[in-house]
Amino acid sequence: MEMVTKAPGSVAGGFLARLRAATGQPLADAEAFGESFLLTKLADAVQWARKYSFFPYPFVTACCGMEYMSTAGPRFDIDRFGAALPRFTPRQADLLMVVGTITHRIAPILRRVWEQMAEPKWVVSFGACTSSGGPYNNYAVVQGIDTIIPVHLYIPGCPPRPEAVLDGLIKLQERVQRERGGQRIPERHGSGRPL
Amino acid sequence: MPNNDRLLSIIRGRCAEAVIRTDDYRGDATVVIRPERLLEIARVLRDDRELAFDLLLDVTCVDYLGQQPRFELVYHFYSTRHRHRLRLKARVPESDPTIDSLVPLWVGANWLERETYDMYGICFRGHPDLRRIYLYEEFEGHPLRKDYPKEKRQPLIGPGSKGTYKPRPPEIPHAHRVEGMLGAELMRVQLGPSHPATHGTVRIVLDLDGETIVNADVEIGYLHRGFEKECESGFYYQAIPYTDRLNYSSAILCNVGYCMAVEKLFGVEVPLRGQFVRVIGGEISRIADHLLCIGATALELNAFTPFLYALEARELAWDLINALCGARVTSNFVRIGGVSADLPEGFAELCQQNFKRILELVADAEGMLLENPVFRARMEGVSIMSPERLIAYGVTGPLLRAAGVDLDLRRAEPYLIYDQLDFDVPLGSQGDNLDRFLVRLTELRQSIRIVEQCLRLIPPGPVDVDDPALRLPPKGRVFNRMEDMINQFKLVTEGPKPPPGEVYFAIESANGELGYYLVSDGTGKPYKCRARTPSFSNTQPLAEMVRGRLLADIVPTFDMINMIGGECDR
């Protein structure tokens, strides 16, 4: 989170004085509050709350699911990062984790799940297959899910180890903190097509 | 070793005019027959007392492009009574690729023939429901034909799609409008393909009367990613990583099966120490697989704590695999003619330490589950199927053993060093879900016992065959000796070249018989690389197991089948 919280004595004092002048209310001195409050921007606070309360939708199809389970399991414990509770309905989720090979047959289903999720939503491409098709380059496999939905984070590996997943999650959290309501950081799609 | 000469002479005697020729190559008995006589000869194979081929393992096809007739249907049979195997082949021309369906004799032929139709365009006369199984209706052509380009895509959405895809309500051909008990219409419910208990890769379309399942249609193929096409386009050694991704929860077992099939093609045997290392790696994989199955079952029956225990135990098993080969899931550990590395230092101590903890965790999880009345009520007496019916479906592995059939290839046809080891094959008595669960629990403990024995008995020596045609020379020699450099260069750029011929080799994987059928044309690439995977055959009876039962019974039954998407959809 960007450090926009200020110690009460410095800027907050000036802020309170301005507030007192504007409202005409007898507001208490900043010193009276002691260390008991923070000032921040609403947008920052909202993003801060969002980044620590991801509700992932695990779209698990293949091998990467093994490592997804490990990441969620007791040793690596994704709960430490606030992303523990998988929601198995897209309506309740805001983080679509696409875990495992996406074939042409399941691609329309993935697209539909993504469409059913409410904004704000983020997409993680978990592993080599979802990022580029991975070891599979044939008639059946989609060569990267970014050809059908926008992707915010690519985690490399076949499958990625849980450490890599957690590292990716932290990177996504940093990105979410930088976003502002209504002003999303534009997604980069591999295909370059508008979506 | 079963006596193939006797077997072949019996078959020649029973149906002399239908048989074109027989041969016996590398211990595989093969009979080539006239395609129009298939049904008749298959009936003899199944019903004759001396033959008694009750298990139809695999149906596939080989496309000999440019030859006449073009397509060769290949059937693999096994007899659970006499423990012998047979390969049956029949050629059909491209102009009329039609052959009789074996569904009237083995119900398990249904999916296998649908797959052959999907991949090769062979029509099966008399098949009750011949439609695509892996691919979608919009797909044009048959991808495993040799004239289908590997990278020719026909996407449903996204770049390159022709816009023909329309999401539509599921149509089940065999569904008929039936009225339920209360006179109301049946309710159509879709379970999957994106459902937490179906692991994301299967769709079950159900017709429900209240909560009772009247009809179920299991649709697989959502994870079909072209295993065979990928293997055929690379050298023999390049297929090993793809075998990892067949059954990703026990990757080493899949490696072992493939490499041993290639070794059978070459006619070589790995040194004793290499065999021990393979058994150790494979059994640790089996432990991880069974732990996952147990844990996932607990999770999906809403018991979260045992799931975490099982997952922690699986981490400990993966630590061992990590020590062996540096990877956790997709190990790529076994090589043609050996293994990628010998056991690391201190491996026995690490095993001892981790096994102790795994056994404790398993005991805790077991207690929590088996003494829980909810868990027992959902497992006991649920989805029983008779052993005869399971065999007709081609089911093998823990699922079949839970029904009381003593068929474990480690015991029935010992490979590697399993004949020197002391272990039990657990058998169930009822054949319900609880038996399936208990069989896996016991097998897991037996696998630990096997690894402990192996670590005690393992002899010193090399792990790889000393054959420059198969194994890469050590790096130090590659940079210092001309011959070794040339050898490495040839192996990497041309691949090991087995003599022309074909073999089938099967091992007991975590879910049942995992067999590889390889056809070599003498080049460095397999002409045909077929994996007979247990999950495919084991998933097929699901619809029949749950018919007439409650909706909630699907989840434990599906868990106990332990369908692994990569293995089922290949």
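Where chain B meets chain A, 56 residues of chain B and 40 residues of chain A take part in the contact, contact being heavy atoms within 4.5 Å. The structure is a predicted model, in which local features need pLDDT of at least 70, side-chain atom pairs count only at pLDDT 80 or more, and totals for chains, interfaces and linings use all residues. Residues are numbered from 1 along each chain as its sequence is written, chains are lettered from A and ligands numbered from 1 in the order in which they are written, and side-chain values use heavy atoms, with hydrogens and water left out.

The size of an interface is often given as the accessible area lost when the parts come together. Between chain B and chain A, about 4,100 Å² is buried, and carbon and sulfur atoms give 60% of that area; buried area here is the accessible area (1.4 Å probe) that two parts lose on being put together, summed over both. Five salt bridges are found across this interface, a salt bridge being a side-chain nitrogen of Lys or Arg within 4 Å of a carboxyl oxygen of Asp or Glu. A salt bridge links Arg75(A) to Asp319(B), with 3.0 Å from N to O.

On the side of chain B that touches chain A, helix 4 (227-233) and helix 8 (304-325) of chain B each supply at least two residues. Helix 8 of chain B gives the most to this side, with ten residues. Helices (H or I, at least four residues) and strands (E, at least two) are DSSP runs, numbered from the N terminus. By class, this side of chain B has 29 nonpolar, 13 polar and 14 charged residues. Ala, Val, Leu, Ile, Met, Phe, Trp, Tyr, Cys and Pro count as nonpolar, Asp, Glu, Lys and Arg as charged, and the others, Gly among them, as polar.

The area buried between them is about 2,400 Å², with 51% from carbon and sulfur atoms. In domain 1 of chain B, Arg26(B), Arg85(B) and Val107(B) lose the most area to domain 2, together 23% of what that side buries. Arg26(B) sits in the loop between strand 1 (19-25) and strand 2 (28-33) of chain B, and its phi is near 50°, a positive value in a residue other than glycine.

Seven salt bridges are counted between domain 1 and domain 2 of chain B. In a salt bridge between Lys89(B) and Glu502(B), the closest N and O atoms are 2.9 Å apart.

Some local features complete the picture. Over all chains, the structure holds 22 aromatic pairs. Tyr139(A) and Tyr148(B) form an edge-to-face pair, 6.1 Å centre to centre with 85° between the planes. Rings of Phe, Tyr and Trp (its six-membered ring) pair if their centres lie within 6.5 Å; planes under 30 degrees apart count as stacked, over 60 as edge-to-face and the rest as tilted. A cis peptide bond joins Cys158(A) and Pro159(A), with omega about -10°. In chain B, the peptide bond from Gln68(B) to Pro69(B) is cis, with omega near -15°, and Pro69(B) lies in the loop between strand 3 and strand 4 of chain B.
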